[in-house]
Amino acid sequence: MLRVQKGDEIAFEQLMNRHTNAVHSYIFRMCQNVQIAEELVQETFLRVWAKSKLWIPNKAKFSTWMYQIARNLCIDHYKKQRAQFVDDVDFDRIADDSLRRDEILILTLQKAIQTLPERQKTAFVLCQVEGWSQAEVAELLDSSVDAVESLLSRARRKLREILGSTQQHQ
């Protein structure tokens, strides 16, 4: 990243190659739309390039800074396009198409995650899906580890409620 800050395009390409898949995975899990995820990944890296001089090496890890850009883009997009972010699943149609129970559960979970408040969703996706530590998420969210634990606890409780009520309707 220090080379990118000096305008090194080859270093930027290496940085993109190293981080694109992880950023795409995070953004996709946040928005559940492949096209939007691809657009937001591109915008994330455009901003990394354009704002590279704003990253301060000893203040934050590069990945934390980059994920903050991606997170902010997800939030901005969500505010502008709420209807596109949550993909309604027609469970009656799914049952008619004879999808297996675990596929329905996965779709239900994906839909349920989308209903979480933004900070809970970020904490849940990064810790439970992407494997980040609570300390890393706390740094990204500019909060304490205790606050992240609380976000995760509330997210899990909400998901259990949603999944419990969905199971009762099937």
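1. Secondary structure first: the chain has 10 helices and zero strands, with helices taken as DSSP runs of H or I of at least four residues, strands as E runs of at least two, both numbered from the N terminus. Read along the sequence, the pattern is α-α-α-α-α-α-α-α-α-α.

2. Some housekeeping before the details. This is a predicted model, so local features need pLDDT of at least 70 and side-chain atom pairs count only at pLDDT 80 or more, while totals for chains, interfaces and linings use all residues. Residues are numbered from 1 along each chain as its sequence is written, and side-chain values use heavy atoms, with hydrogens and water left out.

3. Take the contacts (heavy atoms within 4.5 Å) between residues at least 6 apart in sequence, and 62% of them join residues at least 24 apart.

4. The chain exposes about 10,100 Å², and carbon and sulfur atoms supply 49% of that. Areas come from the Shrake-Rupley method with a 1.4 Å probe; for residues, only the protein chains shown count as cover.

5. A search of the whole structure finds five salt bridges, each a side-chain nitrogen of Lys or Arg within 4 Å of a carboxyl oxygen of Asp or Glu. One of them pairs Arg3 with Asp8, closest N and O atoms 3.0 Å apart. Arg3 is partly exposed at 43% relative accessibility, and Asp8 is partly exposed too, at 24%.

6. Glu130 and Arg29 meet in another salt bridge, 3.2 Å from N to O. This pair links distant parts of the chain, 101 residues apart: Glu130 is in the loop between α8 (118-129) and α9 (134-141), Arg29 in helix α2 (residues 9-31). Glu130 is partly exposed at 22%, as is Arg29 at 33%.

7. Arg47 and Glu43 form a salt bridge at 2.9 Å, N to O. Both sit in helix α3 (residues 34-50), four residues apart, about one turn of the helix. Arg47 has a relative accessible area of 28%, and Glu43 is also at 28%.

8. Worth a look: Arg119, Arg154, Arg156, Arg157 and Arg160 form a positive surface patch. Patch residues have over 30% relative accessible area and no salt bridge, with like charges joined within 9 Å. Helix α10 (residues 145-169) gives the largest share, four residues. Arg156 is found in helix α10 and is partly exposed at 32%.

Note on methods. Patch = residues over 30% accessible without salt bridge, like charges linked within 9 Å, V, L, I, M, F, W, Y side chains within 5 Å. Lys, Arg positive; Asp, Glu negative; His and termini not counted. Charge placed at Lys NZ, Arg CZ, Asp CG, Glu CD. Buried < 20%, exposed > 50% of the residue type's maximum accessible area, 1.4 Å probe, protein only.
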